[in-house]
Amino acid sequence: MEKNDKGLSAWQLTMMALGTVIGGSFFLGSAVAIQAAGPAILISYLLAGALVYVILFALSEMTVADPAPGSFRTFAQKAYGPGLGFVVGWVYWSGMVLAMSSEAAAVSIILQKWFPALSVPLLGAGVIVSVTFLNLLGADKLSKLESGLAAVKLLAIVGFVVVGAALISGVFTGTERVGAGALLTEPWFPRGIAGIAGSMLIVMFAYAGFEIIGLAASETANPAETVPKAISYTIAGLAGLYIAAVLILLPLIPTAALSTAESPLVLALDQWNLGWAGTVMNIVLVTAILSTMLAAMFGLGRMIRSLAEEGHAPDWVKDTGDIPRKGILFSGAAMLAALGMGFFLPEQVYLFLVSSGGFSLLFAYVVILASHYKFRKEHGCSPDGKCQLPGYPYTSWLALASCLLIIASMPLVAGQGAGLAAGMGLVLLFSAIYTGQKLYQKRAAAAPGTASRQLQFETAEELTPDQAKINRQQNKENDE
């Protein structure tokens, strides 16, 4: 979406966020969360919405005050040093790669029903390749495609709510009135607080991608007024759509009948002999996942470019053009590798990928909150004097503690323990890489002749031929 002369409006920002967020993590992954929490999943979506509200305001407040490239990675680096900037940038990139691999796995499961001769890994690889090359077309062409796909999935959720409400109320002729249906026999809190806590990772992952509002804040004419409105609209829209869909879903099908192999929305419609609606919903699910993957790949390429510009990524992924082609191709290749590794665990491949990706995203959110806390402590409000985050610092502490609690609760759901281990492994891996890199640079700088040679290189253009000859002789003596 291009910015007009007056800048992006609150409604435009909202539509961008809604289009980016809603993907397979809701249409397919919500089955895991509902099974973990039962009907109490409604509480999980409300709590996650409140948490996202705080994180969004924290990110946008920093972005309005300092619209720096790299967004939260840059803010973390300014607040706590280049080490954290390196780690959070790579962990976030890795998490999004894993997350989009899970989306590719999800869409390939659906596509295999239409193309049974093709394997799930082959279909998933085809989706990733297609998304990668579509991103090479550029932002203008991509934004038009993304807008159309986003509109389809938003209308699909509304359509499910309307059809489901008609079933529950008995409007459809030839079908019995569902009424409270499965809720009559379902325990409302089957696993108590542990079930709600265990569901929060998947629920938070359903909101993932909302940070696009913070990234786009600098594109508005009046960020201090536009961004808060966009945040309120986005959270109200997301929470409203999610809660309405789940509220309609629960009476239609028992939670025990849900499976990650098929969308809960489709299963619920099939349960009441509305196979045609289930087919339509599957088509919508494919468009929703493709929409999310396209938007995510857009961000992945730019995160890699940001890391490369800071010297945190190899030189061969640097790209100065409008389209970060090298970063996009590198991210696509990594996504294919993640999808392939994920299929070593075929029974829980989706849950493993989504939970390990979810951990990385939560880690990024922890860093956003911690960076914002230090930012406000050192600089106060944004330059225009308007503090966007209400209740600071108490809301910051509560949100930070909530994110850490969600991470700690991951083992409460079967399959998420491996995702937690993988996520922690990523943090340790990139921390070790950064530490090793700094030690290597320190030792190289301390090597005989290194400092003088470096100085001579830096001033070579200013030296006369005789001076250059003297320096070369000194280098030779130092080496001997």
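Predicted model: local features only at pLDDT ≥ 70, side-chain atom pairs only at ≥ 80, totals over all residues.

**Contacts across a helical chain**

Phenylalanine 375 lies in helix H15. Residues are numbered from 1 along each chain as its sequence is written, and side-chain values use heavy atoms, with hydrogens and water left out.

Helices here are DSSP runs of H or I with at least four residues, strands are E runs of at least two, and both are numbered from the N terminus. The protein chain has 19 helices and zero strands.

Let me return to phenylalanine 375. Is it buried or exposed? Phenylalanine 375 counts as buried because its relative accessible area is 16%; buried means under 20%, exposed means over 50%, and partly exposed is in between, with a 1.4 Å probe and protein chains only. Phenylalanine 375 touches Met62, Ala65 and Gly380, leaving aside residues up to four places away in sequence. Contact here means heavy atoms within 4.5 Å.

Phenylalanine 375 and glutamate 61 are 314 residues apart along the chain, yet their C-alpha atoms are separated by 9.7 Å. Glutamate 61 has its place in helix H4, residues 41-65, and it counts as buried because its relative accessibility is 0%. Which side chain does the side chain of glutamate 61 meet in a polar contact? The partner is the side chain of histidine 372, at 3.0 Å. A polar contact is a pair of N or O atoms within 3.5 Å; within protein, one must be able to donate a hydrogen and the other to accept it, and residues adjacent in sequence count only if both atoms are side-chain atoms.

Serine 360 also lies in helix H15, which spans residues 349-379. With 0% relative accessibility, serine 360 counts as buried. Serine 360 touches Val91, Gly95 and Leu426, again not counting residues up to four places away in sequence.

I now turn to the chain as a whole. Buried residues make up 55% of its 480 residues. Among contacts between residues at least 6 apart in sequence, 79% join residues at least 24 apart.

The largest nonpolar core has 146 residues, and those with the most contacts inside it are Phe27, Tyr45, Phe160, Met204, Tyr207 and Tyr365. Helix H6, residues 82-114, supplies the largest share of this core, with 18 residues. Such a core is a set of buried Ala, Val, Leu, Ile, Met, Phe, Trp, Tyr and Cys residues joined through side-chain atoms within 4.5 Å. Tyrosine 45 touches several residues beyond four places away in sequence, among them Phe26, Val203, Tyr207 and Tyr242.

Next comes helix H12, residues 264-271, which is mostly covered: six of its eight residues are buried. The buried residues of H12 are Pro264, Leu265, Val266, Leu267, Ala268 and Leu269. Just after H12, asparagine 273 takes a positive phi of about 60°.

To close, where does helix H4 meet other helices again? H4, helix H9 (192-206) and helix H16 (394-408) each supply at least two residues of the lining of the second largest pocket. H16 gives the most to that lining, with six residues.
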